[in-house]
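Trainee: I've got a model open and would like to talk through how it holds together. Could we go over it piece by piece?

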Amino acid sequence: MFLKKKKIISASLVVVLMTTFTIPTFAEETDVIPESETTTAETTSEEKTATPNSNDTTAETNPTIPEIPEAAVAPELETKSIKSTETAPEEKAATPNSKNVTTEPTDIVDVSLFENQQWLIKFTEKATGKTIANTTYEDIAAIKSMQINDISSLSAFIPKAIGLYTGLESLEICYKRNLSGTIPDEIGNLTNLTYLRLMGNSLNGTIPDSIGNLTKLQTLDLAGNAMNSTYNGYRAEGLGGAVPESVGNLTELKELKLGSYSNFTSLPSSIGNLKKLETLEMSQSRLTSVWV
């Protein structure tokens with residue numbers, strides 16, 4: 001009888017390990033398998049099912065992966081937070097140097113906008129009665145007229161600061177031929193201009209589209225900006241090209257002069273909008289088309 005019971009126990013253990021661990025019910029003479037062994041076998045089966053890539057081992061050989069406590073992650077998060085805080089002062093420090101910073105009329109003017117053009121700085125100091133270091137934006141905006149015929153520098157050009165003179169009604173820089181470079185877009189800020197004369201210089205490039213903002217303009221004279229030094233030929237790099245469509249916005253214009261040795265090649269159809277135009281001067285230019 002003892003040997004029979006031992007064989008039954010061995011068979012039941014094999015069934016428990018190799019099948020789905022359902023413990024069969026035997027006769028009264030069989031021994032009952034303890035609950036602890038059954039629980040261990042069932043746990044091992046669940047772990048194998050949850051991890052299909054694991055090796056076919058028992059629950060005793062599969063190590064349990066410990067959970068990482070929150071305290072272990074916290075230092076890394078604190079380090080990232082500190083680095084983010086450290087970059088903020090650098091971004092703020094760069095902001096005051098941006099040209100997009102809003103200015104007040106009473107602020108001292110940004111001298112860098114003059115691009116070291118002494119002829120404009122000297123004119124401004126004379127017109128305001130202040131040094132440029134003490135001149136405000138509203139001081140410059142209050143100037144009504146600018147007439148300069150004595151530029152001596154051979155490298156003079158119109159700087160971006162020209163756009164600060166928003167109170168100008170008359171602007172004239174002529175004859176000395178020392179004004180080179182292009183006409184900057186900032187010229188379009190001078191919306192109070194009625195008289196603009198830049199003839200007889202060494203300007204190059206094309207007329208900026210922003211010229212169309214000067215809707216009060218009555219005289220526009222850009223002639224003679226491609227004339228060579230002997231006054232009998234063209235400079236290839238002179239002011240010229242196609243006159244922009246925006247010229248058609250200058251409906252108050254009475255006088256338009258673009259000739260006298262210039263490189264202008266075409267006039268736009270919008271010039272037909274200039275109902276008040278009395279004088280159109282395009283002599284000695286390279287005009288090839290009209291009403292484009």
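**Salt bridges and the sheet**

Mentor: Glu172, Arg197 and Asp221 are linked in a network of salt bridges, a salt bridge being a side-chain nitrogen of Lys or Arg within 4 Å of a carboxyl oxygen of Asp or Glu. Keep in mind that this is a predicted model: local features need pLDDT of at least 70, side-chain atom pairs count only at pLDDT 80 or more, and totals for chains, interfaces and linings use all residues. Residues are numbered from 1 along each chain as its sequence is written, and side-chain values use heavy atoms, with hydrogens and water left out.

Trainee: How many salt bridges does the structure hold?

Mentor: One of them joins the side chains of Asp139 and Lys130, at 2.8 Å from N to O. Another joins Glu237 and Arg235, whose closest N and O atoms are 3.4 Å apart. The structure's total is 6.

Trainee: Which strands hold Glu172 and Arg197?

Mentor: The side chains of these two, Glu172 and Arg197, meet in a salt bridge at 3.5 Å, N to O. The pair links distant parts of the chain, 25 residues apart, with Glu172 in strand β3 and Arg197 in strand β5. Strands here are DSSP runs of E, at least two residues, and helices are runs of H or I, at least four residues, both numbered from the N terminus.

Trainee: Is Arg235 buried or exposed?

Mentor: Buried means under 20% relative accessible area, exposed over 50%, and partly exposed in between (1.4 Å probe, protein chains only). Arg235 has a relative accessible area of 12%, so Arg235 is buried.

Trainee: What is the strand order in the open sheet?

Mentor: Two strands pair if DSSP finds at least two bridges between them. For instance, 3 bridges join β3 (residues 170-173) to β5 (residues 195-197), which run parallel. The open sheet has 6 strands with parallel pairing, in the order β1-β3-β5-β7-β9-β11.

Trainee: Which strands stand at the edges?

Mentor: An edge strand here has a single partner, so one side of it is left without a neighbour in the sheet. The two are β1 (145-148) and β11 (279-281).

Trainee: What angle does the direction of helix α4 make with that of β1?

Mentor: Helix α4 (residues 118-128) packs on the sheet, touching β1 and β3, where contact means heavy atoms within 4.5 Å. Axes are lines fitted to C-alpha atoms, for helices over the stretch in contact, and angles run from 0 to 180 degrees between N-to-C directions. For α4 and β1, that gives about 130°.
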